[in-house]
Amino acid sequence: MTDTSLHTSAQEPSRSTEPELKDYFALLKPRVMSLVVFTALVGLLVAPVPVHPFIVFTSVLFIAIGGGASGALNMWWDADIDRIMRRTQKRPIPAGKVNAGEALGLGLALSGLSVMMLALASNIFAGALLAFTIFFYVVIYTMWLKRWTPQNIVIGGAAGAFPPMIGWAVATGGVSIESVLMFSLIFIWTPPHFWSLALFMKSDYDEAKVPMLTVTHGHDATRRHILGYTILLAACSLGLVFTSIGGPAYLATALVMNFRFLVGAWKVFKRSTAQAEADADGEEKRFFKLSLWYLFLHFTALLVDAALRGLGLWGGFA
Amino acid sequence: MIRATHELHDRRRGRNFGLGLILMAFVGIVFGMTIVKVGGGQDVLGTGMVNTEAGQ
C-alpha cells in the first residue's frame with residue numbers, strides 16, 4: 001500500500017504527501033459506512049432468529065468493510081469528477097493524499113476480505129449478497145449508470161438499500177417479505193433524498209456533467225418526481241407495519257414521519273425555481289434534513305419494537 | 001542538515017503502528033469466531049450440516 005501502485009496514468013497527479021492511516025480510512029466513506037452499520041444492525045437484530053453477539057459484531061463489521069471497499073472503488077473510478085465538484089474536492093484522491101491505484105488496491109482487497117469473512121462468520125448467502133451489493137454499487141451504479149442516465153440515483157439507490165437485507169440474511173440465511181420491505185424503504189427513500197440535495201447543489205453536478213435529473217429535465221420535473229416517490233415511500237413504509245417486525249413504535253413513527261415527509265414534498269413540489277432562489281432553497285434544505293431523520297427514526301422504531309417483543313411486551317398486530 | 005528522523009518517518013511509523021493494531025484485531029476476530037463457531041456447534045461453512053458433537 002506504500003510503494004507499489006496498481007494503476008497510474010499520465011494525467012493522474014502524484015500525491016503530495018506521505019499518506020496517513022486516516023487518509024486510507026477516508027477512502028472508505030465513513031459517513032456512508034455509519035448508515036450501512038446502522039441499517040445492517042437493525043436488519044440483523046429484528047430478525048426472528050437469535051444470533052450470538054460476537055457473530056453480530058463481526059458480521060456488521062464485515063458488512064461495513066464491504067461498504068467501505070465499494071466506497072474506495074467508487075472514489076478510484078470517480079476521481080476525475082471528484083476533482084471538479086466542490087463537495088468532493090477534499091476526498092483523498094483529488095486532495096493528492098492517496099494515489100488512485102492505492103484506492104483500487106485497497107478497494108479490491110477489502111471487497112474480497114469482507115465477502116469471504118462474512119460468509120465464514122454467518123452463511124454463504126449473506127456473503128454472496130454482500131458481493132452482489134459491492135458489484136452493484138461499483139459496476140452498475142458508479143461505472144455504468146451514474147454518468148449515463150438521470151435515473152442513476154433511482155437504480156443506484158439499491159446498493160445502499162441492501163445492508164438491512166444482508167443483516168436479515170445473516171440471521172435467517174434467506175430473504176423474506178420483511179427484508180424486502182426494509183430494502184424497499186431505503187430504495188424508494190433514496191430518490192427524494194438525493195434529488196432534494198441536487199436541487200440546491202445544482203452547479204456541482206452541472207460542472208461535472210453528471211446527468212442528474214435537475215440538469216437533464218429541470219427543477220420542475222425533479223419536484224414532481226420527489227412528490228411521486230414520497231407517496232410511494234409512504235405506502236411502503238406503512239406496509240412494514242403489518243409484517244412480523246412492525247409494532248406500536250414503528251406505527252407511530254411511520255404515521256408521524258410520513259405525514260411530515262408528504263407535507264415537505266408537497267411544499268417542495270409547489271415552489272418555483274424563482275421562489276427557491278429567493279429564500280436560498282430553504283424548503284429544499286429542510287426537506288433534505290427531514291429525509292435523514294425519516295430513515296433514522298424508521299429503523300430506530302423497528303429496533304424499539306424488536307426490544308418490546310424481546311421483553312414480551314408486544315405480541316404483534318396479527 | 002541530515003536528521004535521524006523526519007516528519008515522513010513519523011507518518012510511516014504511525015501508519016505501520018495502526019496497521020499492526022488492525023492486523024492484531026483481525027487475528028482476535030478470527031480467533032473469537034472460531035471459539036463461537038466450534039463452541040456453539042454452528043454450521044461453520046454454511047452447508048446446512050451442524051456439528052452436533054461439539055456441544056457434547
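Two residues are in contact if their C-beta atoms, placed from the backbone, lie within 7 Å. By that rule, the contact between chain A and chain B takes 12 residues from chain A and 12 residues from chain B. The structure is a predicted model. Chain A is split into two domains, which also touch one another.

**Where chain A meets chain B**
- On the side of chain A that touches chain B, two elements give two or more residues: α3 (53–77) and α5 (100–121) of chain A.
- That side of chain A is made up of 7 nonpolar, 3 polar and 2 charged residues.

**Chain B**
- Chain B contains 1 helix and 0 strands.
- Chain B has 56 residues, and 4% of them count as buried.

**The two domains of chain A**
- Domain 1 of chain A covers residues 20–174, and domain 2 covers residues 176–318.
- Between the C-alpha centres of domain 1 and domain 2 of chain A there are 21 Å.
- Domain 1 of chain A puts 30 residues into the contact between the domains, and domain 2 of chain A puts in 27 residues.

**The side of domain 1 that touches domain 2**
- Here α2 (30–45) and α7 (152–172) of chain A each supply at least two residues.
- The element that gives the most to this side of domain 1 of chain A is α7(A), with 12 residues.
- Sorted by class, this side of domain 1 of chain A holds 18 nonpolar, 8 polar and 4 charged residues.

Terms used. Residues are numbered from 1 along each chain as its sequence is written. Chains are lettered from A and ligands numbered from 1 in the order in which they are written. This is a predicted model: local features need pLDDT of at least 70, side-chain atom pairs count only at pLDDT 80 or more; totals for chains, interfaces and linings use all residues. Domain bounds come from an automatic or database domain assignment. Helices (H or I, at least four residues) and strands (E, at least two) are DSSP runs, numbered from the N terminus. Ala, Val, Leu, Ile, Met, Phe, Trp, Tyr, Cys and Pro count as nonpolar, Asp, Glu, Lys and Arg as charged, and the others, Gly among them, as polar. A residue is buried if 20 or more other C-beta atoms lie within 10 Å of its own, exposed if 12 or fewer, and partly exposed in between; C-beta atoms are placed from the backbone.
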